[in-house]
Amino acid sequence: MSTMDQSMQGHTRNRSGARPSRPRSSTKGPLDADETPIASPRSSQAARFSSSQYAGSRTSSPLPRSPAPRSPALSSAPVTSKDFSFLLRPEIYHQISPLSVPTPFRSPSRQPAPETPIADLLSGGHFRAAAIAATQALTSSPVSASAAAAAHPPVNPTDHARVFELLYTRLACLCLADAAPLAAQESKALEDLNSAFYLDPVSGAHLVPWPLRVLGVRLQAIGFGDPRRAVMSYYELAREARLQIARAAAGGRDPDPTAAETWKRRLAELGVRVAGALIETDDLAGAAEHLATLGGGSDRPFQAGSGDGRLAMSRALLWLHLGDVDAARRCVEDGKGGETGEAIVNALADMADGEYEAALKKWETLRSTMAENNVHDEMVGVNLTICLLYTGRMAEARDILEGLVDAGQTSHTLLFNLTTMYELCTDRHKNLKMRLAERVASQQPTVQGWEKTNADFKL
């Protein structure tokens with residue numbers, strides 16, 4: 001007899017005794033890919049989004065979303081007439097100060113021309129210039145006659161593909177140019193990306209590209225000052241990924257054999273991102289529990305370029321961040337992360353345990369093996385020099401880092417470690433840092449990024 005039936009019989013006293021046990025709830029969550037929903041994925045997704053109001057409270061969300069201004073531009077109009085002009089307002093986008101860039105990089109002879117296409121700016125690693133060019137295209141007037149406007153023509157407010165392409169370029173380049181706080185503020189203009197406004201009312205497909213949606217989760221969490229928002233939003237994306245996996249498995253008139261694998265990979269990446277978001281909220285215990293639910297990854301043999309090895313490495317690095325070196329090793333054992341990935345994690349685990357001599361031997365072996373295959377990995381060289389530093393061979397470590405710079409490898413990690421060694425070697429380190437900045441600025445631009453910031457050189 002149900003509880004409701006008992007209450008209708010009168011105000012009788014409940015007997016103390018054995019109560020009917022409640023069936024155990026399913027412990028599977030939206031990050032599990034093996035649970036197929038009963039309802040049609042397309043209809044379930046459309047019903048879920050159509051029942052939500054824009055910028056309002058969502059009944060399916062366990063936590064309240066950060067407040068966001070209501071935009072009059074959002075409506076339930078057909079896709080062909082949806083107006084995204086609310087994303088083209090100039091007041092959304094901030095000025096990027098050149099003062100954070102060292103003087104050698106600000107030389108006019110080294111800066112790209114204003115009319116350089118965005119694709120060329122990206123291929124040359126001019127991320128700050130690409131972010132500026134994307135803003136010009138988003139906010140420029142159709143009657144503008146400047147050379148820059150001709151190279152970056154204004155976008156049609158109803159051309160959602162072009163609008164989101166430029167917006168993703170803007171936000172991603174700001175992050176690459178060490179201006180993530182500006183990107184976080186600008187991402188707030190998107191408001192709730194789970195709103196029904198961003199859906200195709202016919203097919204239920206999302207109009208915003210997946211990379212922009214994933215990037216927007218992290219940036220909006222920073223912009224709204226709500227770190228927990230990222231965890232909730234990643235689970236929203238994971239729920240959609242599971243629906244798409246079920247849809248691909250069910251097939252249709254135009255089945256795509258690679259769609260299911262694509263969405264499974266995205267779901268696995270979201271699981272790793274949730275763990276990273278929990279770490280950023282200082283919930284280390286929660287991050288460890290979550291990582292344990294992800295398992296060790298795919299049981300398939302490692303294949304270069306398949307993505308499985310990268311996910312295994314991501315899980316291993318998160319475990320190292322949490323201080324569990326044994327769990328990190330298990331993530332890449334038995335070939336799950338490839339031979340090179342397993343060697344890298346083992347060396348990092350030795351460093352985490354303070355065994356720098358043992359780690360140094362592993363890095364030297366790995367470096368020589370890769371050199372035989374004509375591969376010169378910057379990360380391996382940097383970790384090798386750190387072991388040299390902790391074993392009292394700083395001069396040798398400095399020479400290796402400077403050799404990497406001469407070879408054209410200039411990541412933030414490499415430059416930061418090299419300038420740190422300058423500070424340890426001499427009190428006149430500022431001159432060494434400025435000369436290093438000049439050397440890096442004189443190199444040819446690459447897609448890895450040419451322009452650096454003062455923080456890269458600790459200036």
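Helix 8 gives the largest share of the lining of the largest cavity, four residues; helices (H or I, at least four residues) are DSSP runs numbered from the N terminus. The model is predicted: local features need pLDDT of at least 70 and side-chain atom pairs pLDDT 80 or more, while totals for chains, interfaces and linings use all residues. Residues are numbered from 1 along each chain as its sequence is written, and side-chain values use heavy atoms, without hydrogens and water.

A cavity is a set of points on a 1 Å grid over the protein atoms alone where a 1.4 Å probe fits but cannot get out, and lining residues have an atom within 4 Å of a point. Points are joined across faces, edges and corners, and the volume is the space filled by probe spheres set on them. One cavity of 30 Å³ or more is found in the whole structure, with a volume of about 110 Å³. Of its 12 lining residues, Leu193, Asn194, Val217, Gln220 and Ser233 lie nearest the centre. Helix 8 (210–223) and helix 9 (227–250) each supply at least two lining residues.

Elsewhere, helix 14 (residues 338–352) packs with helix 15 (residues 356–372) at an angle of about 155°, their axes 7 Å apart; axes are lines fitted to C-alpha atoms over the stretch in contact, and angles run from 0 to 180 degrees between N-to-C directions. Helix 14 is therefore roughly antiparallel to helix 15, a term for angles over 145 degrees. In their contact (heavy atoms within 4.5 Å), the residues include Ile344 and Leu348 of helix 14 and Trp363 and Leu366 of helix 15.

Terms used:
On a 1 Å grid over the protein atoms alone, a cavity is a set of points where a 1.4 Å probe fits but cannot get out, and a pocket is an open set with protein on both sides within 12 Å along at least five of seven lines; lining residues have an atom within 4 Å of a point. Angles under 35 degrees count as roughly parallel, over 145 as roughly antiparallel, 65 to 115 as roughly perpendicular and the rest as oblique.
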